[in-house]
Amino acid sequence: MPDGVGTACAHPPCINVINACPFPLWIHAANSAVTLTPDGAQLAPGATRQYDVPSSWPAARVNAYWVDPNAAGTDPNAFDKVELTIGSGVMNYNITYVDYLALPARMEAIGPSCPKTSTFDPAVACAVPVGEILSGCPAGLLDGKRCLSAGLYCSIAANRAGAFCHALDTTLQSCETQNASTCGI
């Protein structure tokens with residue numbers, strides 16, 4: 001979402017999804033119990049779609065697919081996500097790159113309860129242009145249009161012997177030797 005762009009909620013609480021990518025995105029916003037509608041809506045570059053959300057919506061994800069997820073032969077991993085939990089009048093949100101990085105993202109709470117101040121900025125973002133998002137990904141972690149985290153990469157049995165999976169072995173062994181009671185490995 002571009003800086004300072006916000007659309008007031010027609011029926012609060014809501015989320016606004018803004019496609020700042022130079023290509024269309026398909027949006028799937030859900031948790032284990034509730035999927036927001038319209039599900040799978042295509043957003044053209046620069047387009048915005050507002051979703052009404054339930055007043056309690058824990059452990060939710062908003063997935064942005066860079067290819068139509070319903071098209072035949074589509075890579076099921078061709079998406080990136082952000083996470084949020086809404087409940088008791090509070091919204092918690094984060095950009096999660098725990099498993100991989102594929103698209104830049106920005107999340108920002110907008111409203112009288114979330115003013116930007118000198119000590120608080122409600123925006124969290126990965127501001128790298130989409131064309132550069134994978135430029136720093138080590139070749140071994142590059143998976144199509146995603147850069148896998150070392151944790152996900154190393155959880156794949158065929159990769160466990162790889163250098164990324166053992167880069168910290170010496171450091172961890174030293175920690176365990178020096179702090180045996182607190183450095184559980």
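Leaving aside its neighbours within four places in sequence, which residues is Lys81 in contact with? Contact here means heavy atoms within 4.5 Å. On that basis, Lys81 is in contact with Arg61, Val62, Asn63, Thr96, Asp99 and Tyr100.

The structure is a predicted model, in which local features need pLDDT of at least 70 and side-chain atom pairs count only at pLDDT 80 or more, while totals for chains, interfaces and linings use all residues. Residues are numbered from 1 along each chain as its sequence is written, and side-chain values use heavy atoms, with hydrogens and water left out.

**The chain as a whole**

The protein chain holds 12 strands and two helices. Both kinds of element are DSSP runs numbered from the N terminus, helices (H or I) having at least four residues and strands (E) at least two. Read from the N terminus, the order is β-β-β-β-β-β-β-β-β-β-β-β-α-α. The C-alpha trace spans about 60 × 45 × 35 Å along its principal axes.

Of the 185 residues in the protein chain, 31% count as buried. Buried means under 20% relative accessible area, exposed means over 50%, and partly exposed lies in between, with a 1.4 Å probe and protein chains only. The protein chain exposes about 10,800 Å², and carbon and sulfur atoms supply 56% of this area. These accessible areas come from the Shrake-Rupley method with a 1.4 Å probe; for residues, only the protein chains shown count as cover. Among contacts between residues at least 6 apart in sequence, 50% join residues at least 24 apart.

**Charges and salt bridges**

The protein chain has 8 positive and 14 negative charges, and their mean positions are 2 Å apart. Lys and Arg count as positive and Asp and Glu as negative, with His and the chain ends not counted. The place of a charge is taken as NZ of Lys, CZ of Arg, CG of Asp or CD of Glu.

Side chains of opposite charge can pair when their charged atoms come close. A salt bridge is a side-chain nitrogen of Lys or Arg within 4 Å of a carboxyl oxygen of Asp or Glu. By this rule the count comes to four salt bridges, including those in the table.

| Salt bridge | N to O distance | Relative accessible areas |
|---|---|---|
| Arg61 and Glu83 | 3.2 Å | Arg61 35%, Glu83 21% |
| Arg106 and Glu108 | 2.8 Å | Arg106 21%, Glu108 24% |
| Asp143 and Arg146 | 2.8 Å | Asp143 34%, Arg146 7% |

Arg61 forms its salt bridge with Glu83. Arg61 lies in strand E5 (residues 57–65) and Glu83 in strand E6, so this pair ties together parts that are 22 residues apart in sequence. In the pair of Asp143 and Arg146, Arg146 counts as buried, whereas Asp143 is partly exposed.

Lys81 also lies in strand E6, which covers residues 79–87. Lys81 is buried yet has no salt bridge. The nearest side chain of opposite charge to Lys81 is that of Asp99, 4.2 Å away.

**Strand pairing**

Two strands pair if DSSP finds at least two bridges between them. Strand E6 pairs with strand E7 (residues 90–95) in the antiparallel sense over six bridges. Glu83 has Asn94 as its bridge partner in E7. E6 and E7 form a hairpin with two residues between them, and Ser88 in the turn has a positive phi of about 55°.

Another group of three strands forms an open sheet in the order E8-E12-E11, with antiparallel pairing. Strand E8 (100–101) and strand E11 (142–143) stand at the edges, each with a single partner strand, so one side of each is left without a neighbour in the sheet. E8 and strand E12 (residues 146–148) run antiparallel and are joined by two bridges. In E12, Cys147 is the bridge partner of Leu101.

**Ile27**

Ile27 is found in strand E2 (residues 25–30). With 2% relative accessibility, Ile27 counts as buried. Neighbours within four places in sequence aside, Ile27 is in contact with Val17, Pro38, Asp39, Gly40, Ala41, Leu43, Tyr51, Val62, Asn63 and Ala64. Ile27 and Leu134 are 107 residues apart in sequence, and their C-alpha atoms are 22 Å apart in space.
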